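Here's a quick look at some charged side chains and how they pair up. Take a moment with the picture, then read on.

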Amino acid sequence: MQVTVQRTGIVDEVLLSGRLDGRSAGEVRDTLHSVLGAGSGRMVVDLSGVELLDATGLGVLVGAHRRARLSGRDLVLRGASARHTRLLRLARLHRVITLEPARHAVPA
């Protein structure tokens, strides 16, 4: 799992790439908690590079959402694939966590 943090103005973006599963959960959880503790406002977790999302990965996202709410922040999941969106909907997480489509580059 590759985790990249970008701070763009008042929005913190965490870009995930690879497998969000039991093996990577600790690293991702630590990064999300660190970013949540260091900023304010919206935090966007970009899932467009996530190849696999399992129950442990879902737990990390739910925990980050809960921590964000407790600290007065909003957590947004951006760019989930169709398969991951179905999983989030089956778990009914779309009711509590905001889902956004992937941001596409604007042609020059």
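At 2% relative accessibility, Arg73 is buried (under 20% relative accessible area; exposed is over 50%, partly exposed in between, with a 1.4 Å probe and protein chains only). This is a predicted model, where local features need pLDDT of at least 70, side-chain atom pairs count only at pLDDT 80 or more, and totals for chains, interfaces and linings use all residues. Residues are numbered from 1 along each chain as its sequence is written, and side-chain values use heavy atoms, leaving out hydrogens and water.

So what does Arg73 pair with in a salt bridge? Its partner is Asp12, which is buried too, at 5% relative accessible area. Asp12 sits in strand β2 (residues 11-20) and Arg73 in the loop between α2 (55-70) and β4 (74-78), so their pairing ties together parts 61 residues apart in sequence. Helices (H or I, at least four residues) and strands (E, at least two) are DSSP runs, numbered from the N terminus.

A salt bridge here means a side-chain nitrogen of Lys or Arg within 4 Å of a carboxyl oxygen of Asp or Glu. The structure holds seven of them, including these:

| Pair | Closest N to O |
|---|---|
| Asp12 and Arg7 | 3.3 Å |

In the last pair, Asp74 is partly exposed at 38%, while Arg69 is exposed at 51%. Elsewhere, salt bridges with shared partners link Glu13, Arg42, Arg78 and Glu100 into one network.
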